[in-house]
Amino acid sequence: MRTLPLIIAATLSGIFTGNAMAENSTEKDSYLEVGGAIRFNYGWLDYGSTDGISLELLRADLKAGTGPLSFSAQYRWYDGFDAIHHAWLGWQLTPDTALKAGIQQVPFGLLPTASHSFWFGSGYYLGLEDDYDPGLVLSRQHGSTQWQLGWFSGDEYGDARRYRRYSFDIAATDTQPYRERDRVHARIEHSGGGTGSQWLLGASGLVGQLQDIHSRQHHRQYAAAVHAQWQHGPWTTQLQWARYRHDVPGQRIALSAFQAPFEVAAHADVPTANLAYDFGAVGRLEQLSCYNNLSMTRPLGGQPGLRNSWQNVTGCSLHKGPMVTYVDWIAGNNMWFAGGPGIGIDDGSPSRWHSRLNVNIGFYF
């Protein structure tokens, strides 16, 4: 499985750059881009040991296209595991309509992300942000309105017991034996603006199925979101409200990524409020942006064993040539990856805030 995405990418690059180009394409229309990244990370935690700076990621990228066809793939190597990020084939049907097939970003909520930091927002850890799954997505731009309709077959590996992955997906554990099945997504976004400002306003929804891997019984899952973004000069404001529901027995379900399964509330609201300021070029830096990303998970139903989770990330991103650095202060209350037992979970321990300083230095080529 490690080499399969690279074999596919190399094969497709040969197709794109070989003699099998479309008759109506020219050398100028075709392209092949090979790239990647290497990132190092340092984290200080107030709730655990600090290991110092370490190699966080190696990444390989491939983009190619000819005429109306395009291809993009990315594979990642982390400490202890490797995983595919995306691999899709695109077809520009008309100037306003495109079709993508393969492992691609799920069209839900603010795109590309409802966050500015390296740490993302709460929605990422719930599979609602920056999620990549195998499917088909039809996109159409009609004036200032974009429509997206997609179908996804499940998670990118088709194996809910594989916890070594980038995207957060439903996980099969001993107590929560479920996996993702078919899902249908719909998303609409309208844009506008005036002098020095631009705004986006949209809504997203999904309906799908979860399957008990033992009984083979199916359960419904739903999610919906309304989202807005406003840019005025150097300021950017993002607002999003999402609600998800996994109709499984009980009040919890498991997700996993980065080799770690954990439990979350099966039914919750996820509000997000972000603010960012772009300072532009500062000194030797080509760009400096600072932000505050606040999000929470609010379980619905008022049942015992559940309680609110919070995450706030305050930080800055610094750009200089091929180097991008994120300096983030992450504060979480009852939040996974910030000292909590899960998301929206009450395990009986006192509810308190935990913090970590995270510095990520990446070189992109």
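Strands β13 and β14 pair in the antiparallel sense over six bridges. The structure described here is a predicted model.

Strand β3 (residues 69–78) is joined to β4 by ten bridges, and the two run antiparallel. Gln 74 has His 86 in β4 as its bridge partner. The β3 and β4 strands form a hairpin with two residues between them, and in the turn Gly 80 has a positive phi of about 100°. On to the next strand, β4 pairs with β5 (residues 97–105), again in the antiparallel sense, over seven bridges. Here Gly 90 has Lys 100 in β5 as its bridge partner. A hairpin with two residues between the strands is also formed by β4 and β5. Lys 100 has a further contact, lying over the face of Trp 88 at 4.0 Å from the ring centre.

The structure holds 13 salt bridges. In one of them, the side chains of Glu 56 and Arg 39 meet at 2.8 Å, N to O. Glu 56 and Arg 39 are both buried. A second salt bridge joins Asp 133 to Arg 183, with the closest N and O atoms 3.0 Å apart. Because Asp 133 is in strand β6 and Arg 183 in strand β9 (residues 178–194), the pair ties together parts 50 residues apart in sequence. Asp 133 is buried, with a relative accessible area of 0%, and Arg 183 is buried as well, at 5%.

The salt bridge between the side chains of Asp 247 and Arg 245 has an N to O distance of 2.5 Å. Asp 247 counts as partly exposed, at 29% relative accessibility, and Arg 245 also counts as partly exposed, at 34%. Elsewhere, salt bridges that share partners join Asp 155, Glu 156, Arg 165 and Asp 169 into one network.

A search of the whole structure finds 21 aromatic pairs. Tyr 124 and Phe 168 form an edge-to-face pair, with 4.9 Å from centre to centre and 75° between the planes. Tyr 124 lies in helix α2 (residues 122–125) and Phe 168 in the loop between β7 and β8 (169–170), so the pair ties together parts that are 44 residues apart in sequence. Tyr 124 and Phe 168 are both buried. Another edge-to-face pair is formed by Tyr 166 and Phe 258, at 6.1 Å centre to centre and 65° between the planes. This pair links distant parts of the chain, 92 residues apart: Tyr 166 is in the loop between β7 and β8, and Phe 258 is in the loop between β13 (252–257) and β14 (260–265). Tyr 166 is buried, with a relative accessible area of 5%, whereas Phe 258 is partly exposed, at 25%.

The residues of these two pairs belong to one aromatic cluster, whose members include Tyr 124, Phe 168, Tyr 166 and Phe 258, along with Tyr 78, Phe 81, Trp 336 and Phe 337. The ring of Tyr 166 also takes part in a contact with a charged group: the charged end of Arg 76 sits over this ring, 4.7 Å from its centre.

On the surface, a nonpolar patch is formed by Leu 69, Trp 91, Leu 93, Leu 136, Leu 138, Leu 149, Trp 151, Val 184, Val 207 and Tyr 222, which together have about 870 Å² of accessible area. Two or more residues of the patch come from each of β4 (81–94), β6 (132–142) and β7 (145–152). One of the patch residues, Leu 136, is located in strand β6 and is partly exposed, with a relative accessible area of 41%.

Note on methods. Residues numbered from 1 in each chain as written. Predicted model: local features only at pLDDT ≥ 70, side-chain atom pairs only at ≥ 80, totals over all residues. Heavy atoms only, no water. Patch = residues over 30% accessible without salt bridge, like charges linked within 9 Å, V, L, I, M, F, W, Y side chains within 5 Å. Areas by Shrake-Rupley, 256 points an atom, 1.4 Å probe, with all protein chains shown as cover. Salt bridge = Lys/Arg side-chain N within 4 Å of Asp/Glu carboxyl O. Helix = DSSP H or I, 4+ residues; strand = E, 2+ residues; numbered from the N terminus. Buried < 20%, exposed > 50% of the residue type's maximum accessible area, 1.4 Å probe, protein only. Phe/Tyr/Trp six-rings, centres within 6.5 Å; stacked < 30°, edge-to-face > 60°. Lys NZ or Arg CZ within 6 Å of the ring centre and 35° of its normal. Pairing = 2+ DSSP bridges.
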